[in-house]
Amino acid sequence: MKKHSNVAYQVMWNRLISVVEEQALALVRTAFSTSVREAGDLSAGLYNADGDMLAQAVTGTPGHVNAMAAAVKHFMRRIGVENMLEGDVYITNDPWEGTGHLHDLTVVSPSFFNGEFVGFFACTAHVVDIGGRGFGVDANSVYEEGLYIPIMKFIDAGVVNETLVNIVRGNVREPDQVVGDIYSLSTCNEVGHRRLVAMMEEFSLSDLGGISDFILENSRKATLERINALARGEATGHMRIDGYDEPVDLHVKISIEQDRIVCDWDGTSGISRKGINVPHIYTKAYACYALKCAIAPDIPNNAASLAPFEVSAPENSILNALHPAPVAIRHVIGHMLPDTVYDALDKLLPDLVPAEGAGSLCNFQISVRPGVDATEEEREGAIRAEVLVFNSGGSGARPGLDGMNATAFPSGVMTMPVEATEQVGPVIIWRKELRPDSGGAGRTRGGLGQYLDVGVTTGHEFDISAMFDRVDHPARGRRGGHNGGPTTIEQDDATAMKGKGRQFVPHGRFVRMALPGGAGYGSPADRDPALVRQDLAGGYISADEARQHYAMTDAEINAVLEKVRRGEPV
Amino acid sequence: MTSPGNRLGVDIGGTFTDIVLEAGDRLTSTKVLTTYSAPETAIIEGMHKVCAEAGVAPSSISQIIHGTTLATNALIERRGAKTALITTKGFRDVIEMRTESRFEQYDLNLRLPDPLLRREQRYVVDERIDARGGVLVPIDRSEVEKLADALADANYESIAVGLLHSYVNDSHERLIRDILAERLPDVMVSLSSEVSPQMREYERFNTTIANAYIKPLMKNYLRRLNGSLSKEGADCPVFLMHSGGGIISLESAAEFPVRLVESGPAGGAVFAASIAARHGLDKVLSFDMGGTTAKICLIKNSTPKTARVFEVARTYRFKKGSGMPISIPVIDMVEIGAGGGSLAHVDAMNQIRVGPESAGSEPGPACYGQGGDKPAVTDADLVLGKLDPDNFAGGSIALHPDASDKALVTHLGARLNMPALEAAWGLAEVVDENMANAARVHAVENGEDLSEYTMIAFGGAAPLHAARLCDKLGIDRCLIPEGAGVGSAIGFLRAPFSFEANRSVFMTIDDFNAPRVQSLFKDLNREAEAFVRNCDASSKISADHKVYMRYAGQGWEIPVDLTDAEVRNPDADVYLKRFEDEYAKLFGRSVDGMQAEITVWSVNAYTSPAPVEPVDAVKRGDSAPVIGARALFDPGLSDVVDATVVGRADMHPGVVAKGPCVITEDETTVVVPTNRGVTALADACLDLSLNTDGASS
């Protein structure tokens with residue numbers, strides 16, 4: 001192999017990161033699934049011939065971080081490297097060997113250069129539908145959650161597996177879009193492959209061995225340097241959340257050791273009857289993401305930078321659910337793991353991590369149909385439609401900064417514009433704005449949750465598949481900070497509703513939701529009075545809250561409100 | 001454009017105000033320091049300078065074309081007016097909630113950008129229009145009147161009105177304006193249905209607020225400017241460059257100042273487009289590299305590519321999502337933090353990183369000897385032999401190679417075990433690679449293959465990096481025009497009068513309604529042409545028509561250009577076919593069995609540009625006289641080579657120079673590596689091409 005200069009390797013690493021970003025971009029631009037194109041629920045990566053991940057695109061979801069890193073090895077084991085041919089493309093949606101639920105399709109393509117196998121490209125996307133009961137918590141086992149595609153060839157040396165395409169078409173609600181997405185995934189790997197070939201030609205490489213060693217060695221060193229700079233120690237963390245029909249306890253022990261950090265979920269609740277269970281790979285992803293944010297945020301994800309973070313959970317706990325447990329909305333619990341890790345980490349590394357936040361994304365899916373109770377005239381022109389909506393509560397207060405209002409953490413996905421959602425289906429969003437007083441009081445305040453009122457146009461009724469937590473277990477404050485506001489959900493006539501599950505809403509009614517706020521950090525008595533006045537002026541807190549938690553007097557409150565009336569800055 | 005006469009192009013930038021006078025076919029230019037408190041002062045000073053040099057009186061100027069960063073800077077620095085928003089009840093926080101996402105995934109201490117208006121400046125009225133334009137909740141006049149009185153008490157100078165779905169039905173917004181006009185006649189009002197009638201409330205509201213926020217400031221400035229110019233004898237019409245690459249009247253600019261954002265860079269792209277036209281190049285990559293950033297733009301058929309939305313005032317390392325969206329027609333440019341002043345460091349992975357932090361002009365790169373101790377791109381360029389330490393900026397700034405060496409070794413070499421030269425090589429390679437990656441991604445997004453492109457490079461630092469960038473992108477040919485330092489101001493003089501009108505109206509191909517399409521285009525034509533006619537009473541006005549289409553269910557529209565015939569006689573099958581072709585071009589294939597839909601309609605009206613005079617071919621002749629020799633590092637060969645030094649003043653048409661060579665001029669240096677040669681063309685552009693034997697790195 002030609003020996004390359006350090007400068008050449010610098011350029012190649014830089015290039016490979018751009019290659020995977022390009023690969024991901026190709027997927028965003030062509031995908032049909034809302035969750036991919038609007039929310040960024042996808043990922044893309046490049047691997048060496050041993051299946052070690054060299055580069056991964058930074059996308060909207062940390063949930064694929066380790067899952068993607070491990071997936072390629074499953075493909076190598078199942079298919080056998082000796083059976084891999086130029087022009088092959090492989091596929092699976094196995095929750096345990098892919099990224100945690102059937103809705104995520106993972107596609108892997110081997111890369112050949114001058115006829116020699118040199119590595120892989122892989123990508124993952126959340127598709128619109130995978131059959132079964134539809135996206136929601138309600139299944140009793142993974143068999144009810146939809147079509148299962150074991151690791152297999154989607155394209156065999158250039159020939160598409162039409163049998164698989166037919167089976168997919170016959171089993172999903174939106175066959176054109178799902179099959180379209182499978183092709184998008186293959187195309188996205190192809191885009192990455194072409195750029196890789198161009199780079200190998202430019203630098204006269206015959207394989208990825210040299211650049212692979214350079215990337216992995218520098219990443220490993222950088223990660224170990226960060227870990228070994230920390231004081232050794234261990235601490236435990238705990239969080240209790242709603243679960244499905246009984247509360248779930250998440251327990252973690254974090255140990256900072258020489259050359260590694262161990263994260264053990266022993267003591268965590270057992271599996272649930274319904275689809276909130278988490279395959280181990282997804283647990284690893286969110287635990288690892290939390291640790292990386294706190295300890296090595298600037299080191300890119302690859303096999304070597306992820307390896308020192310060791311995550312384990314007992315088999316058949318809710319964080320290591322085995323086949324055939326239902327796992328469709330594993331994100332609801334997965335998204336709570338970072339805050340649980342931070343409960344422990346705060347004891348080891350003070351002044352670093354935030355208070356608890358809303359945690360899981362507040363998603364719901366609406367299935368609209370002509371209303372049975374509507375008059376014939378009202379039903380005129382009524383249609384069926386499926387609308388998936390992503391929304392965020394508030395994030396937890398940071399040691400030096402307030403929490404972020406209506407902003408997702410740990411997920412990084414985006415919400416859709418209300419105007420765009422209303423163009424897609426006969427949905428009306430009557431209200432979508434910040435929820436005052438929902439951010440927990442503290443020296444720094446928790447991020448505000450949001451109010452969300454959702455109905456459908458006249459002539460329709462609907463089912464809402466809710467995927468909310470924090471109804472009974474709001475975000476807890478840290479170091480004297482107060483709790484965030486809990487989730488509430490009801491119909492506009494005050495009919496009670498549940499945080500999770502598919503529920504019917506009759507013609508003429510709409511659903512009122514209050515999404516949870518993040519918790520506060522430190523004692524509210526220590527909050528800068530100028531910030532309290534600004535919070536009151538903007539209505540982030542009410543006069544009552546200012547009086548009760550921040551000891552503002554009526555005179556002070558009135559002075560602020562008078563300034564607002566006169567349009568003067570507070 | 002009729003009777004050109006003497007024309008003045010004026011570009012107010014962050015540091016300098018560039019002035020270009022075009023008298024006949026002669027260009028005279030100057031740079032004066034921008035005078036922030038009264039920007040017109042610098043313009044007057046510069047105008048007198050160029051007029052004196054060209055020997056013409058200010059009164060002989062028939063047209064002044066002006067572009068400025070003032071609007072952009074007012075948004076970045078939050079120096080706008082006291083502004084309120086009136087919006088639909090339930091949607092007070094749209095501009096604060098943004099997309100509800102974090103633009104940086106791994107930063108626990110992320111700060112989201114502050115919205116332009118604080119929460120207490122955002123007011124609501126109870127009303128609601130649905131996605132089809134139907135009224136769900138009627139607006140109550142007395143509620144608006146009460147609100148108007150409250151706004152009067154609070155002394156707002158400017159009010160933005162943004163209601164849900166007003167792009168399909170603007171009646172509620174108009175009613176609010178009427179009431180505000182009655183009760184607060186002195187307050188400026190901006191309606192979202194006029195400023196940016198496009199779907200997606202966050203972008204539309206933010207754009208409308210930005211317009212309202214800078215309107216008093218810009219209106220004032222433009223009025224003062226007009227007055228000062230007349231007083232100084234230049235009593236001629238003043239036109240403004242807009243972000244879409246055309247010019248509009250002073251009155252339109254004062255009403256819609258948000259359209260002036262990014263007008264300077266747009267001028268640069270128009271400058272490159274005019275050179276492309278002169279040389280008959282149909283695929284051009286314009287590359288503008290200055291002190292802090294590099295800008296890249298695709299130009300096809302002499303027309304810069306445009307977009308409907310862009311982001312301004314990014315607060316976090318130029319990161320997408322860290323600024324605010326502005327949805328107006330804009331020249332589609334990628335801007336990255338890579339310029340002569342960009343600073344380098346080594347990160348935790350032992351990787352060299354460059355930018356976006358910049359040394360600025362104070363203290364400047366280490367080699368300026370003004371106290372800068374971190375290595376900048378200019379330091380690497382000096383150590384690699386691309387710059388002459390004794391003859392930088394026409395000899396006005398002495399450069400200190402020893403300071404560059406020290407900075408490179410201290411901050412890069414010591415960590416990476418590299419001597420100064422190798423560290424400089426690494427730094428230059430990383431910054432060139434960053435620019436190449438940005439260009440590649442931009443090309444991929446647009447379904448373009450850069451190997452078919454010609455580069456046009458301008459801006460102070462571009463000629464130093466253009467050849468290497470071409471090598472990385474597989475581009476054979478690069479043109480380096482004259483006057484590259486004031487490219488934007490020259491571009492202003494080449495821009496047509498133009499205005500692009502956009503509107504969101506949803507229509508699926510299955511529900512295609514030809515009469516509705518005709519009437520939509522007619523309305524948009526009327527709107528766009530009115531703006532152009534306002535500038536030019538007589539010239540013929542042309543119009544380009546475009547629809548944005550996607551498969552129902554997708555979130556990303558792609559532009560589809562339509563011919564005049566397709567606009568006159570709209571046909572569903574034809575529109576579908578045009579979309580599928582475009583889609584296949586971008587993504588490799590179209591998708592069978594999916595419903596397609598049109599989301600945005602667009603008409604760009606413009607006066608025909610002055611006929612292009614093609615550049616005469618030159619006969620390759622003599623070699624340029626060699627005025628010196630210099631050691632130059634050639635990254636293609638990974639080695640130092642002996643380069644000749646040539647003066648640009650000697651590069652008369654037809655004169656050639658062979659790499660390795662450096663061509664020096666006051667403003668910059670053109671670096672010609674071993675694999676390339678240069679020919680001076682008839683219009684004094686330097687043609688920097690791969691050697692015909694095809695020898696490449």
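**Notes on strands, helices and the chain contact**

1. I'll start with one residue pair: A:R431 has A:D453, in β15(A), as its bridge partner. Please keep in mind that this is a predicted model. The pair belongs to β14(A) and β15(A), where β15(A) covers residues 450-456 and seven bridges hold the two strands in an antiparallel arrangement.

2. Zooming out from that pair, the sheet is an open one of four strands in chain A, ordered β14-β15-β19-β17, with antiparallel pairing. Which strands stand at the edges? They are β14 (427-434) and β17 (488-491) of chain A; each has a single partner strand, so one side of each has no neighbour in the sheet. From one strand to the next, the twist averages 10°.

3. Chain B has an open four-stranded sheet too, in the order β29-β30-β32-β33, but here the pairing is mixed. Its edge strands, β29 (628-634) and β33 (669-672) of chain B, each pair on one side only. Ignoring direction, neighbouring strands are turned by 30° against each other on average. If you want a spot to look at, take β32(B), residues 661-664, which runs antiparallel to β33(B) and is joined to β33(B) by four bridges. Within that pairing, B:T664 has B:T669 of β33(B) as its bridge partner.

4. There's also a hairpin worth a glance in chain B. Strands β21 (342-346) and β22 (352-358) of chain B pair in the antiparallel sense over four bridges. One of the bridge pairs links B:H345 to B:R353 in β22(B). Five residues lie between the two strands of the hairpin, and in the turn B:N350 has a positive phi of about 65°.

5. On to helix packing in chain A. Helices α1 (6-30) and α5 (175-202) of chain A pack at about 155°, and their axes are 8 Å apart. That angle makes α1(A) roughly antiparallel to α5(A). The crossing of α1(A) and α5(A) is right-handed. From α1(A) the contact includes A:M12, A:V19, A:V20 and A:L27, while α5(A) brings residues including A:L185, A:V191, A:L196 and A:M199. Sorted by class, the contact of α1(A) with α5(A) has ten nonpolar, six polar and three charged residues.

6. On the α3(A) side the contact is made by A:V65, A:N66, A:A67 and A:A70, and on the α7(A) side by A:I281, A:Y282, A:K284, A:A285, A:C288 and A:Y289. Eight of the residues in this contact are nonpolar, one is polar and one is charged.

7. In chain B, have a look at α12(B) and α13(B). The angle between α12(B) and α13(B), residues 462-473, is about 50°, with the axes 9 Å apart. The two helices are therefore oblique to each other, and the crossing of α12(B) and α13(B) is right-handed. Among the contact residues are B:E433, B:M435 and B:R440 of α12(B), along with B:H465, B:R468 and B:L469 of α13(B). Here the contact divides into five nonpolar, one polar and five charged residues.

8. How do the chains meet? The contact involves 62 residues of chain B and 70 residues of chain A. Elements giving two or more residues to the chain B side are α3 (94-97), α7 (201-231) and α12 (420-445) of chain B. Which of them gives the most? That would be α12(B), with ten residues. By class, the chain B side has 25 nonpolar, 17 polar and 20 charged residues.

9. Last, the domain layout. Chain A is split into domain 1 (6-220), domain 2 (354-520) and domain 3 (528-570), and the C-alpha centres of its domains 1 and 3 lie 52 Å apart. Chain B is split into domain 1 (6-75 + 222-263), domain 2 (80-218), domain 3 (342-430) and domain 4 (498-607). For domains 3 and 4 of chain B, the C-alpha centres are 49 Å apart.

Terms used. Residues numbered from 1 in each chain as written. Chains lettered and ligands numbered in written order. Predicted model: local features only at pLDDT ≥ 70, side-chain atom pairs only at ≥ 80, totals over all residues. Domains from an automatic or database assignment. Pairing = 2+ DSSP bridges. Axes fitted to C-alpha atoms, helices over the stretch in contact; angles between N-to-C directions. Contact = placed C-beta atoms within 7 Å. Nonpolar A, V, L, I, M, F, W, Y, C, P; charged D, E, K, R; others polar. Parallel < 35°, antiparallel > 145°, perpendicular 65-115°, else oblique. Left-handed = near helix turned anticlockwise from the far one by under 90°.
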